[in-house]
Amino acid sequence: MIPGGRGPAKLRQNQGILEFTREIDSARKPLAAICHGPQVLAAADLLKGRTATSFFTVSPEVKHAGARYVNRPVVIDVNLITSRMLKDIPACIDALFTTLVTDELILHRHPAWNKSLTLFRSCMNPSPASRV
């Protein structure tokens, strides 16, 4: 799950995050983004030819990245799950869990989850020396 808010502005600048996001997508594992989260998908060049949604201020970026933008609470395009905003979280979580139930990740602990957690923690909690 790629979060919304201001976090994606930092996440999309991290090549490790972008590469990991591409790996998840190429493996067709569930990949969710809410609010401003699709900015990471756009930076990873994963939206071309896909259908997606996002917070309304991000919609031009989603369209520019080649996606067909739709204004709905949640959009599922194969393994990609996108959602617009805070009030859409219940629909987004429902879509994510429904997708996970049909995916082998729910049955086996996949090593990619550990890599994901490490990368996201390093971006969201940088050391004091690396803060700008």
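**Figure 1. A salt bridge joins the side chains of Asp25 and Arg50 at 3.2 Å, N to O.** A salt bridge is a side-chain nitrogen of Lys or Arg within 4 Å of a carboxyl oxygen of Asp or Glu. This pair links distant parts of the chain, 25 residues apart: Asp25 lies in helix α2 (residues 15–26), and Arg50 lies in the loop between α3 (38–43) and β2 (51–52). Both Asp25 and Arg50 are buried; buried means under 20% relative accessible area, exposed over 50%, and partly exposed in between (1.4 Å probe, protein chains only). The model is predicted: local features need pLDDT of at least 70, side-chain atom pairs count only at pLDDT 80 or more, and totals for chains, interfaces and linings use all residues. Residues are numbered from 1 along each chain as its sequence is written, and side-chain values use heavy atoms, with hydrogens and water left out.

**Figure 2. Asp25, Arg28, Arg50 and Asp77 are linked in a network of salt bridges.** Asp25 is buried at 7% relative accessibility, whereas Arg28 is partly exposed at 45%. The whole structure holds six salt bridges.

**Figure 3. Arg84 and Asp88 form a salt bridge of 2.8 Å, N to O.** Both Arg84 and Asp88 are buried.

**Figure 4. One aromatic pair is found in the whole structure.** The ring centres of Phe55 and Phe56 are 4.8 Å apart and the planes stand at 45°, so the pair is tilted. Rings of Phe, Tyr and Trp (its six-membered ring) pair if their centres lie within 6.5 Å; planes under 30 degrees apart count as stacked, over 60 as edge-to-face and the rest as tilted. Phe55 is partly exposed, with 22% relative accessibility, while Phe56 is exposed, with 57%.

**Figure 5. Leu86, Ile89, Ile93 and Phe97 make a nonpolar surface patch of about 390 Å².** Patches are made of residues with over 30% relative accessible area and no salt bridge; like charges are joined within 9 Å, and nonpolar side chains (Val, Leu, Ile, Met, Phe, Trp, Tyr) within 5 Å. Accessible areas come from the Shrake-Rupley method with a 1.4 Å probe; for residues, only the protein chains shown count as cover. Leu86 is located in the loop between β5 (80–83) and α5 (89–101) and is exposed, at 68% relative accessibility.

Notes:
Helix = DSSP H or I, 4+ residues; strand = E, 2+ residues; numbered from the N terminus.
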